[in-house]
Amino acid sequence: MAAATVAFMTGSAWYGLGAGILASLAFSGLHGLASITFKGNQLISGVALNFLASGITVLVAQALFNQGGKTPPLVGDARFNPIELPFASALADVPLFGPIYAEVISGHSILAYIAFACVPLSWWVLYRSRFGLRLRAAGENPAALDTAGVSVVRMRYAALIITGVLCGIAGAYMSTALQA
């Protein structure tokens with residue numbers, strides 16, 4: 001909702017993306033405060049934040065737009081429009097490969113392609129980097145990480161920051177690229 005609101009008000013999908021990431025970081029910070037700092041139950045914190053987000057979204061959208069809790073439709077640069085990859089229309093008639101390239105691979109917004117790129121990048125970071133080893137240890141064996149002299153709390157907050165950014169991108173995609 002933050003992404004769509006800012007994109008509508010500024011006319012820029014990129015500003016909307018930034019707002020979506022910032023809003024998601026705020027919620028992940030609240031989740032970290034409840035579950036990491038105060039050692040609360042992660043499930044309860046997550047459910048409570050989902051209820052809070054659902055209520056805030058409706059109230060703020062109703063106050064701003066008077067449309068029953070929805071944002072107005074986004075047009076022009078306020079949306080992440082689909083990108084047609086090179087030669088997609090020319091290759092559409094090629095048997096087997098053409099429809100896959102033209103209809104499945106081509107025609108998505110830039111955020112979808114960023115998501116596709118994040119999959120191998122995430123794998124590499126988690127399984128081939130020192131940071132990834134420490135990040136996995138923060139969840140699977142925090143005592144071993146603490147024994148190695150690495151702050152478990154700092155690693156868990158780093159995971160929440162990464163999650164906040166990725167969830168902000170996902171939310172911005174849903175509200176600025178998929179919205180009809």
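Select phenylalanine 8 first: this residue is partly exposed, with a relative accessible area of 37%. Here, buried means under 20% relative accessible area, exposed means over 50%, and partly exposed lies in between (1.4 Å probe, protein chains only). Phenylalanine 8 belongs to helix α1. Helices are DSSP runs of H or I with at least four residues, numbered from the N terminus.

The model is predicted, so local features need pLDDT of at least 70 and side-chain atom pairs count only at pLDDT 80 or more, while totals for chains, interfaces and linings use all residues. Residues are numbered from 1 along each chain as its sequence is written, and side-chain values use heavy atoms, with hydrogens and water left out.

**The nonpolar patch**

Which helices supply at least two residues each to the nonpolar patch? They are α1 (2-10), α2 (13-37) and α3 (42-65). The largest share, 5 residues, comes from α3.

**Along α3**

Now select α3, which has 24 residues and reaches 34 Å from its first C-alpha to its last, close to the 34 Å expected. The expected span is 1.5 Å times one less than the number of residues. At the start of α3, a side-chain oxygen of asparagine 41 reaches to within 2.8 Å of the backbone nitrogen of leucine 43.

Leucine 52 lies in α3 and counts as partly exposed at 39% relative accessibility. Its C-alpha is separated by 9.6 Å from that of phenylalanine 27, 25 residues apart along the chain.

Leucine 64, also found in α3, is partly exposed with a relative accessible area of 44%. Leaving aside its neighbours within four places in sequence, leucine 64 is in contact (heavy atoms within 4.5 Å) with Thr5 and Met9.

Which residues of α3 are buried? Select Ser45, Leu49, Ala61 and Phe65. The buried residues of α3 pack against α1 and α2. After α3 comes asparagine 66, whose phi is positive, near 50°.

**Along α2**

Move to α2, with 25 residues and a reach of 34 Å from first C-alpha to last, close to the 36 Å expected. Serine 12 caps its N-terminal end, where a side-chain oxygen lies 3.3 Å from the backbone nitrogen of tryptophan 14. Among the buried residues of α2 are Gly16, Gly20, Ser24 and Ser28. The buried residues of α2 pack against α1, α3, α6 (110-128) and α9 (152-176). Lysine 39, which follows α2, has a positive phi, near 55°.

**A last stop in α9**

Leaving aside its neighbours within four places in sequence, serine 175 is in contact with Ala3, Ala4 and Leu74.

Notes:
Polar contact = N/O pair within 3.5 Å; in protein donor to acceptor, adjacent residues only side chain to side chain.
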